[in-house]
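Trainee: Hi! Could you walk me through this protein?
Mentor: Happy to, have a look at it here.

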Amino acid sequence: MANYVGGVITPLTVPQLLAFDAYVNDLAPAGISTATISRTADLLKLYLKVYYDPLQIKANGESLSQPGVFPVQVAITNYLTTLEFGGVLVLTKLIDAIQAVDGVVNPIITSASARFGAIPYSPIVESYLADAGYMVIDSAFPLSTTITYVASV
């Protein structure tokens, strides 16, 4: 289980987890044992090369029509936050979300890997099922440093 706070998916707090656990136990048939868990997110490390239209996006990925907005980063974050809990990250669908951004000509994922907890990163070839049920971009590898923008002229 997870919580959605200020646009960010987070683990449940201890009181929330206890309340949810009590709720699940009340609903469970007699004699059925239940357990609820809430883990920190799996971490995603993503490297991309994005060919863009320089009439719509700046060389740093900022929108020309909406200063301060980095639409490729927004598309990636939105994709991750709108994944169904327990859903699967599918690289093709992530590319589709990025291609829907005005000004993106051709996005290429050059590397994608994920990890849960202390487990080392493992490469994502086609899809990834998050152990925690959800995932976020690893703050040690922010999108602002892992996306290379190339003008398509």
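This is a predicted model: local features need pLDDT of at least 70, side-chain atom pairs count only at pLDDT 80 or more; totals for chains, interfaces and linings use all residues.

Trainee: Which elements have the lowest and the highest mean pLDDT?
Mentor: Strand β1 (residues 2–5) has the lowest at 57, and strand β9 (residues 147–151) has the highest at 98. Residues are numbered from 1 along each chain as its sequence is written.
Trainee: And how many helices and strands are there?
Mentor: Four helices and nine strands. They are DSSP runs, with helices (H or I) of at least four residues and strands (E) of at least two, numbered from the N terminus.
Trainee: Switching topic, which residues touch the most other members of the largest nonpolar core?
Mentor: Ile 76 and Leu 89, out of 31 residues in that core. A nonpolar core is a set of buried (under 20% relative accessible area, 1.4 Å probe, protein chains only) Ala, Val, Leu, Ile, Met, Phe, Trp, Tyr and Cys residues joined through side-chain atoms within 4.5 Å.
Trainee: Leaving aside neighbours within four places in sequence, what is Ile 76 in contact with?
Mentor: Contact means heavy atoms within 4.5 Å, and the partners of Ile 76 include Leu 46, Leu 94 and Ile 147.
Trainee: How much of the protein chain is buried?
Mentor: Buried residues make up 34% of its 153 residues. Side-chain values use heavy atoms, leaving out hydrogens and water.

Methods: pLDDT is the predictor's confidence in each residue, from 0 to 100. Buried means under 20% relative accessible area, exposed over 50%, partly exposed in between (1.4 Å probe, protein chains only).
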